[in-house]
Amino acid sequence: MNKRDNRDIDRHVAFMIAAPTSHCGKSTVTAALLRAFKLRGLRVQPFKCGPDYIDPQLHLLAAGNVSVNLDTFLASPWHVREAFLRYGAGADVCIAEGAMGLYDGWERDQGSAASIASLLQMPVILVVDARAVAYSAAPLIHGFATFRKEPHIAGVIFNNVGSAHHYSLLRQACADSGIQCYGYLPRDKRLTIEDRHLGLALDGGEALDRIVSIAAEEAERHIDLDSLLKAFSPRQEESKLAHYPERQAGTTKPNINILIAHDEAFNFIYRANIDSLRRLGTVRFFSPLHDRLLPSPCDLLYLPGGYPELFAKELSANTEMRHQIADFAHNGGYIFAECGGFMYLCKSIDRQPLVSVFPMEATMQDARLHLGYRQMRVLGQTFSGHEFHYSTLLPHEPAEGIRTLRIQNNALGEPADTELFLYRNVIGGYTHWYWADKDIEELWQIVKRDFVL
């Protein structure tokens, strides 16, 4: 199908790419499909199940459109459905990438890709890694297809297929399982995306874009894209939003100036969070890496997560920016910093001097994974977030003017050892928070009026 044929397809196609386990190739297949459909001239909207901030960056590269997270721990089912409909409204094709295995959630299948697909009535395409299997894929496929009525397993795409004969055995496995086979991606070293300590390595620039382009070419050759576009029922129409209560906007429009760090070091950002901040006023982006001056005016500074440990030397060398942010904090400026942004506000990362609003030193030495959902009750609100980092804080003495709070629980409601640090009007900590489901105008007024937690 070429661009002139696009008028013949049904609009608003939507499906989920999921897998039996992690490392089956979901991200590669998703990126391949996003790019392939984009090259056909279609408007493609990616989504990511769960709290991940890295796969959405690959989606952006592949689709040219910012991905949206769908997570029923971070937000209510109503918000997830509303976000899916709202962000997908202008798209021809919506593709959601699952997380981990199809049924893996924070407890059993709660919050899993399967639960999201069921909530959104979205058919699932199962990615099966065929590197070490042939016809034995049949009972695996049959088991996932018949385990529950929902979500609907609508088809299979194989990854790491070795030959035409190998694929013929896999197709027979699908046929004998009663499941449609939509094709495959071949076993090809050119499609390998390197990992790093927080997930996919996304700093390859042109090299990574080349991988996505090759994957899209292989998808055109070996995946039945035409059938994918025609096989599924249209998504729920936008009119379904009338079935849900509309969010009431706050009566007070603060009209504040918000600055958000965004560059190679700071890029773990939930799209819906940023859009909610736009209801407060003007949102602008700046780079602690490359900009020498903090843009003015600024009422609220947001420092999101990312990879500051990879750019600690460069961040440290930008002394003008470090000193301006420190002065902003010392003079009562409002700053919200999470994970990598919090590390930037610390005294140092592995002895590279940084902003020093907080006296702690962060280190990647003896790194170990800190991972899990987090929740806390504060300012009359319940906030949900996600912690995912390898760095740790070196032991430190209490410092004057710094408050430490341990008020976060994990997904099971048990106390977590994750801390929040407060200095004047600055909040910092390792958790990435999701607030797009909040009344952001009301929340800002609460913060301004009653900031002491």
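In which helix is G88 found? G88 is found in helix α3, which covers residues 77-88; here helices are DSSP runs of H or I with at least four residues, strands are DSSP runs of E with at least two, and both are numbered from the N terminus. The structure is a predicted model, in which local features need pLDDT of at least 70 and side-chain atom pairs count only at pLDDT 80 or more, while totals for chains, interfaces and linings use all residues. Residues are numbered from 1 along each chain as its sequence is written, and side-chain values use heavy atoms, with hydrogens and water left out.

We can start with the whole protein. The protein holds 13 helices and 25 strands. Its C-alpha atoms fill a box of roughly 70 × 50 × 45 Å along the principal axes. For 453 residues, a compact globule would have a radius of gyration near 22 Å, and the 23 Å found for the protein agrees with this; the radius is taken over C-alpha atoms, and the globule rule is 2.2 Å times the number of residues to the power 0.38. Of the 453 residues, 57% count as buried, where buried means under 20% relative accessible area, exposed means over 50%, and partly exposed lies in between (1.4 Å probe, protein chains only). Among contacts with a separation of 6 or more, 75% come from residues 24 or more positions apart; a contact means heavy atoms within 4.5 Å.

The interior comes next. A nonpolar core is a set of buried Ala, Val, Leu, Ile, Met, Phe, Trp, Tyr and Cys residues joined through side-chain atoms within 4.5 Å. The largest such core has 93 residues, and those with the most contacts inside it are M16, L102, F158, L301, I325, L345 and F358. Leaving out residues up to four places away in sequence, F158 touches V128, A130, A137, I141, Y167, L170, C174, C181, G183, Y184 and L185. A second, separate core has 39 residues, including A31, L208, I211 and L225.

A31 also belongs to the buried residues of helix α1. This helix is mostly covered, with 12 of its 14 residues buried. Just after α1, G41 takes a positive phi of about 85°.

Around helix α3, two residues deserve a look. G88 is buried, with a relative accessible area of 0%. The C-alpha atoms of G88 and V68 are separated by 9.4 Å, although these residues are 20 residues apart along the chain. T72 sits in the loop between β3 (68-70) and α3. With 19% relative accessibility, T72 counts as buried. Apart from neighbours within four places in sequence, T72 is in contact with P77, V80, W106, G111, S115, I116 and L119.

The strands complete the picture. Strands of a sheet pair through backbone hydrogen bonds, either parallel or antiparallel. Two strands are said to pair if DSSP finds at least two bridges between them. Strand β4 (residues 93-97) has 5 of its 5 residues buried. From β4, V93, I95 and E97 point one way and C94 and A96 the other way. Strand β1 (residues 13-18) runs parallel to β4 and is joined to it by 5 bridges, with F15 opposite I95. Strand β2 (residues 44-49) is also parallel to β4, again through 5 bridges, and here P46 has I95 as its bridge partner.

Another open sheet has 3 strands in the order β19-β20-β25, with antiparallel pairing. Its edge strands are β19 (370-378) and β25 (432-434), each pairing on one side only. Neighbouring strands in this sheet are turned by 25° against each other on average, direction ignored; the axes are lines fitted to C-alpha atoms, for helices over the stretch in contact, and angles run from 0 to 180 degrees between N-to-C directions. β19 pairs with β20 (residues 381-389) over 9 bridges, and R374 stands opposite G385.

An open sheet of 4 strands has the order β17-β16-β18-β21, with mixed pairing. β17 (352-353) and β21 (392-393) stand at the edges with a single partner strand each, so one side of each is left without a neighbour in the sheet. Strand β16 (residues 348-349) and β17 pair in the antiparallel sense over 2 bridges, with I349 opposite Q352.
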